[in-house]
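The following note sets out points for a colleague examining this entry. Please read each point with the structure open.

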Amino acid sequence: MNFKDRIIRATGKKTPFRLIVVDLTETMNDIGRHHDAKGFALKLLAENSIASIFLSAGLKFAGTVSYITSFGGEITKIQTDSTPMGLVRAMIPQAELQAIGANEPALVPQHVSVVKLNELGKRVHESIIEAPSVSMGQNLATYLLQSEQIRSAVGIEAQFNKQDPSKLDYAAGFYIEAFPDLEDKDINLIEVIVQNLPKFCDMYKADKGFDLDELLDQLRGPYDIEVVREIDPKPFCPCSKDRMLATLATLPLKDLQELSSENKDLNVVCDFCRTNYTITPADMQEIIAERKKSS
């Protein structure tokens, strides 16, 4: 058995449905370390990221899916960007993370926003729905039905370690998509399979990890499936100093001149990977000069 992080995509050989299972445990432990995320915040980061992974798996191009869950309460939003190849980055506003620590935050679900970008970074889809729950699986299934008219069953769960809340025991999930010609008898059977699925915690062993193969076997039920692709997910952030400079260049010229007048290095931290970039006074002067040329 293989217990490394995996994304397994499969389809029914004779029955028209799609099945995806994900183990994102170590990927999210890595991302969590960069954010110093603990406990429930780490759990929410992981579950939001699995939802994004399920959506990006359906892209027909080498693009990106941004999956954003907005809340009222001690956390205002979680954002995950992912690609069809399993590249993932995620964030919760750092001040909110530091404020709650490992404690369970007070949350009121508000909205789920989905933005799909093509390989050139152009928006090709944008949708927002009211979030019915703090459950990422329920929110994703609701989004799919309301915005993309897709019937689905979604299960997403992450569990942090009780002795060390800076680590996840597991972060896993499944996604079943019913194709339009799936017969009612098969829909009913798949519903029974999902309802009788063992608890995720029963598929986790402390010395081995989460058994993704067991989850896949449970979900396939009596159906023959074909594994279309297996991917190793990993954290990835495309940020760079050039991108940070380009973002700064969008500020009003007056604000840029005020920052430049201080004649000090400016430290800018990426919200996703927490990399610190130093913007020098010379960098600021170059940005200002370019802005004046273009105005």
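**Notes on strands, sheets and helices**

1. Strands here are DSSP runs of E with at least two residues, helices are runs of H or I with at least four residues, and both are numbered from the N terminus. The model is predicted: local features need pLDDT of at least 70 and side-chain atom pairs count only at pLDDT 80 or more, whereas totals for chains, interfaces and linings use all residues. Residues are numbered from 1 along each chain as its sequence is written, and side-chain values use heavy atoms, with hydrogens and water left out.

2. The partner of S15 is strand S14 (residues 266-269), paired in the antiparallel sense over 4 bridges; two strands pair if DSSP finds at least two bridges between them. Within this pair, Val-268 has Tyr-277 in S15 as its bridge partner. The two strands form a hairpin with 6 residues between them, and Arg-274 in the turn has a positive phi of about 65°.

3. An open sheet of 5 strands runs in the order S8-S9-S2-S1-S12, with antiparallel pairing. Strand S8 (151-160) and strand S12 (225-231) stand at the edges with a single partner strand each, so one side of each is left without a neighbour in the sheet. From one strand to the next the twist averages 10°. Within the sheet, strand S1 (residues 6-12) and strand S2 (residues 17-23) form an antiparallel pair over 6 bridges, in which Ile-7 stands opposite Val-22 in S2.

4. Which strands does helix H6 (residues 212-220) lie across? Helix H6 lies across S1, S2, S9 and S12, and runs at about 160° to S2. Helix H2 (residues 39-56) lies across S1, S2, S8 and strand S9 (168-178), at about 150° to S8. For these angles, axes are lines fitted to C-alpha atoms, for helices over the stretch in contact, and angles run from 0 to 180 degrees between N-to-C directions. Contact means heavy atoms within 4.5 Å.

5. Helix H5 (residues 184-195) has 12 residues and reaches 16 Å from its first C-alpha to its last, close to the 16 Å expected at 1.5 Å a residue; the expected span is 1.5 Å times one less than the number of residues. The buried residues of H5 are Asp-186, Ile-187, Ile-190 and Ile-193. Seen down the axis of H5, these residues fall within an arc of 120°, so they line one face of the helix; the arc is that of the directions from the helix axis to the C-beta atoms. What covers them includes S2, S8, S9 and H6. On the other side of H5, Asp-184, Lys-185 and Gln-195 are exposed. Buried means under 20% relative accessible area, exposed over 50%, and partly exposed in between (1.4 Å probe, protein chains only).

6. Another open sheet has 6 strands in the order S7-S6-S3-S4-S5-S13, with mixed pairing. Strand S7 (123-130) and strand S13 (234-235) stand at its edges, each with a single partner strand, so one side of each is left without a neighbour in the sheet. Strand S6 (residues 107-117) pairs with S3 in the antiparallel sense over 10 bridges, and the bridge partner of Gly-73 in S6 is Leu-107. Helix H2 packs on this sheet, touching S3, strand S4 (77-82), strand S5 (87-91) and S6, and its direction makes about 40° with that of S4. Helix H4 (residues 136-148) also packs on the sheet, touching S3, S4, S6 and S7, with a direction at about 120° to that of S7.

7. S6 and S7 form an antiparallel pair over 7 bridges, with Val-114 opposite Ser-127 in S7. Their hairpin has 5 residues between the strands, and Gly-121 there takes a positive phi near 80°.

8. Is Ser-66 buried or exposed? Ser-66, which lies in strand S3 (residues 64-73), is buried, with a relative accessible area of 9%. The side chain of Ser-66 makes a polar contact with the side chain of Asp-81 (2.6 Å). Such a contact is a pair of N or O atoms within 3.5 Å; within protein, one must be able to donate a hydrogen and the other to accept it, and residues adjacent in sequence count only if both atoms are side-chain atoms. Leaving aside residues up to four places away in sequence, Ser-66 touches Gln-79, Thr-80, Asp-81, Ser-113, Val-114 and Val-115.
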